[in-house]
Amino acid sequence: MAKRAGTIFDKQFGTSAMRNNSDICSFGFEPNPAHAERHSRLAAAYNRRGWRYHFVNAGVSDEEGNLTFYHNGDEGNEEWGFGDHNLKGTGVPVTIPTIRFSTWLRNEVLGRKLPETVHGSYELPRVVMKMDIESAEYRVLPDLWFTGVMCETIDFVFGEFHPWDISYKDDAITGRGGLILSNQEAVGVLRAGVKLFHSFKDCSSDIIELDDESYLHDGVPLP
């Protein structure tokens, strides 16, 4: 297990001695078609052990639809730069489907049916999200905050804040939704938004800035 993420999971779900992986349901959203085969193998291996992992081959956003993403020539680093930015001007475009993540959470998590019995020892049900969505956090987090969905569904979020230029156009009908940030100011603005979010006293959701890429390279084979 990834070291830093593992510490978070231990705190949120209990240590490996307390929890049972068959009690946990996890979803992975990955729009890069180059990673689809690995996630399918991962899901199959976990499901054989009774661990519920569901792979969703789509990106998350603040609306349903399609976006143009780019393969940015960093295959040697598992294409960490795959996203909606043509980072070097030579990226190879690909159209990927997106879901409105706030709607998905409201439909799939808020009204979920909890099991009557569990195999591990827990205090309360928990929902934890690891976020590394290649600058889409500037779309997704405000949507989760202002719809109230984060407070309704998620206990803890950790993820990477990307220092990239952000340029979202206003909606042609409402005139809303536009955002322009330079790469020098983007992360600072998002951190300020998190600080404001944490000031809301009637919400227990927590967000921290933490990137952890180590799971893929932890040396542990698939079960």
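## A friendly tour of a predicted model

The side chain of Ser205 comes within 2.6 Å of the backbone oxygen of Ile154, a polar contact (a pair of N or O atoms within 3.5 Å; within protein, one must be able to donate a hydrogen and the other to accept it, and residues adjacent in sequence count only if both atoms are side-chain atoms). This is a predicted model, where local features need pLDDT of at least 70 and side-chain atom pairs count only at pLDDT 80 or more, while totals for chains, interfaces and linings use all residues. Residues are numbered from 1 along each chain as its sequence is written, and side-chain values use heavy atoms, leaving out hydrogens and water.

**Around Ser205**

- You will find Ser205 in the loop between helix 6 (186-198) and strand 10 (206-209); helices (H or I, at least four residues) and strands (E, at least two) are DSSP runs, numbered from the N terminus.
- Ser205 has a relative accessible area of 6%, so it counts as buried (under 20% relative accessible area, with exposed over 50% and partly exposed in between; 1.4 Å probe, protein chains only).
- In sequence, Ser205 and Ile154 are 51 residues apart, and in space their C-alpha atoms are 6.1 Å apart.
- A polar atom of the Ser205 side chain also lies 3.0 Å from the backbone oxygen of Met150.
- Beyond its neighbours within four places in sequence, Ser205 is in contact (heavy atoms within 4.5 Å) with Met150, Cys151, Ile154, Asp155, Phe197 and His198.

**Around Glu30**

- Glu30 sits in the loop between strand 1 (25-29) and helix 2 (36-48).
- Glu30 is buried but has no salt bridge, meaning a side-chain nitrogen of Lys or Arg within 4 Å of a carboxyl oxygen of Asp or Glu.
- Arg38, the nearest side chain of opposite charge, is 7.8 Å from Glu30; Lys and Arg count as positive and Asp and Glu as negative, with His and the chain ends not counted.
- The Glu30 side chain does reach the backbone nitrogen of Asn32, at 2.8 Å.

- Three strands form an open sheet in the order 3-5-4, with mixed pairing; two strands pair if DSSP finds at least two bridges between them.
- At the edges are strand 3 (59-61) and strand 4 (65-71), each pairing on one side only.
- Strand 3 and strand 5 (residues 92-100) run parallel, joined by three bridges.
- Gly59 has Thr98 of strand 5 as its bridge partner.
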